[in-house]
Amino acid sequence: MDYDYINDLKVIKDVAGLSWNELAEGIGIHRATLFRWLDGTAVPSPANLDSIYSYAFIQNCRLNEMQVRLYNDMYAGSDTVVLFHGAKTEVASGISFANSRKKNDFGQGFYCGETFVQAEKCVAQFPDGSVYILAFDRNGLNCQSFSVSAEWILAVSYYRGYLDPYPEYRNHPKMQAIIEKTEAADYICAPVADNTMYEMIHDFAEEFTTDGLCCRCLAASDPGYQYIFRKGSALERLTMLHRCYLTEEEKTEFIRNGLTNQTYAAGNVRAARREYMREGQTIGQILS
C-alpha cells in the first residue's frame with residue numbers, strides 16, 4: 001500500500017484554508033505539477049512526498065491523528081477493531097509473517113498495537129519508517145488473551161528463548177499447558193513489554209527476580225496491549241486501511257515526548273522495584 005497523497009493534498013488544502021496556488025507554493029512546486037499529481041499523470045518523488053507531509057505538519061494539519069479518529073469512529077461499537085503496525089519500509093508484499101523474527105514475544109507472527117503511538121515507537125528511528133492502520137474483524141475467531149500475570153511472563157520467556165538453556169522449565173507440564181493454549185488460538189492479545197521489561201523477564205527466567213515484581217513493574221510502565229497474528233485464519237481478517245507518513249518533524253517531536261514519558265515510566269518502575277522486590281515467586285517455585 002502506498003501513501004494516499006491525492007486525498008491528503010485535498011485535506012491539507014481544506015484544513016489549512018489554502019488556494020491551490022498557495023498549497024503549491026507552500027510545498028515548493030509549480031501549480032501545474034500539483035495538478036498532474038492530483039489527476040494521476042505524475043507521481044511525487046520521495047523528496048516531494050516529504051515536502052507535502054512536512055508542510056502539512058508545519059501548518060498544524062495533523063493528518064495521522066485525523067485518520068486515527070476517522071477509523072476509530074467508523075468501527076466503534078462493532079466486532080472490528082482498529083490496529084496499528086509500524087514498518088521500517090513499505091509493506092510491499094502485503095500482510096504476512098515473512099519478515100517477522102522467530103524469537104519475538106509470541107514467536108513469528110504479524111504484530112500490531114492498539115494505538116498509533118505504539119506503532120510509531122517501533123519505527124520512529126528509521127528513515128523510511130511508516131505506520132499502517134488496519135481493520136481486524138475478530139468475529140468468530142479464537143483469541144488467547146493474556147493479562148499482566150505470571151502466565152504472560154512464562155509465555156514470553158518461552159517464545160523469546162530465555163528458557164532454552166533450561167529444559168526442565170521449558171518442558172514442564174504447566175509451561176506446556178500455556179503453550180498448547182497459545183498455539184491453538186487464531187490470534188493472541190497480550191501486554192506489550194519495552195526493553196526494560198525484557199531485561200526483567202530475562203532475570204525472571206534466570207531466577208534473579210519474581211513474577212510478582214515483574215507484574216508490578218509492567219503495570220507501572222503502562223505499555224498497552226498488542227495483537228499477534230500467527231495463523232492464516234486471523235491474518236486473512238486483517239485489512240489495510242491507510243499508510244501514514246512520518247515526517248522528520250513528527251519523528252523528532254515523538255522521540256522528544258517519548259523520552260519524557262520513558263523517564264516518567266522508569267521512575268514508576270524503580271518505585272515498584274523498591275516496594276515489591278520480594279513479592280511473588282521465582283520461576284523455580286512456580287514450575288516446581
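## The buried face of helix α3

The buried residues of α3 pack against α1, α2 (20–27) and α4 (46–58), where contact means heavy atoms within 4.5 Å, and where helices (H or I, at least four residues) and strands (E, at least two) are DSSP runs numbered from the N terminus. In α3, which covers residues 31–39, the buried residues are Thr33, Leu34, Trp37 and Leu38. They lie on the same side of α3, because the arc they cover around the axis is only 140°, an arc taken from the directions from the helix axis to the C-beta atoms. An α-helix has 3.6 residues a turn, so residues three or four places apart point the same way.

Buried here means under 20% relative accessible area, exposed means over 50%, and partly exposed lies in between (1.4 Å probe, protein chains only). Just after α3 comes Gly40, with a positive phi of about 80°.

## How the model is described

This is a predicted model, in which local features need pLDDT of at least 70 and side-chain atom pairs count only at pLDDT 80 or more, while totals for chains, interfaces and linings use all residues. Residues are numbered from 1 along each chain as its sequence is written, and side-chain values use heavy atoms, with hydrogens and water left out.

## Helices α1 and α5

Helix α1 (residues 5–16) and helix α5 (residues 63–75) pack at an angle of about 105°, and their axes are 11 Å apart. The two helices are therefore roughly perpendicular to each other, a term for angles of 65 to 115 degrees. On the α1 side, the contact is made by Asn7, Asp8, Val11, Ile12 and Val15, which meet Leu63, Met66 and Gln67 in α5. The residues of this contact divide into 5 nonpolar, 2 polar and 1 charged.

## Glu253 in helix α13

Glu253 belongs to helix α13, which runs over residues 248–276, and it counts as partly exposed because its relative accessibility is 29%. If residues up to four places away in sequence are not counted, Glu253 touches Phe57 and Arg62.

## The protein as a whole

The protein contains 14 helices and 7 strands, and 47% of its 288 residues count as buried. Its C-alpha trace spans about 75 × 40 × 35 Å along the principal axes. Among the contacts with a separation of 6 or more, 82% are between residues 24 or more positions apart.

Key
Axes fitted to C-alpha atoms, helices over the stretch in contact; angles between N-to-C directions. Parallel < 35°, antiparallel > 145°, perpendicular 65-115°, else oblique. Nonpolar A, V, L, I, M, F, W, Y, C, P; charged D, E, K, R; others polar.
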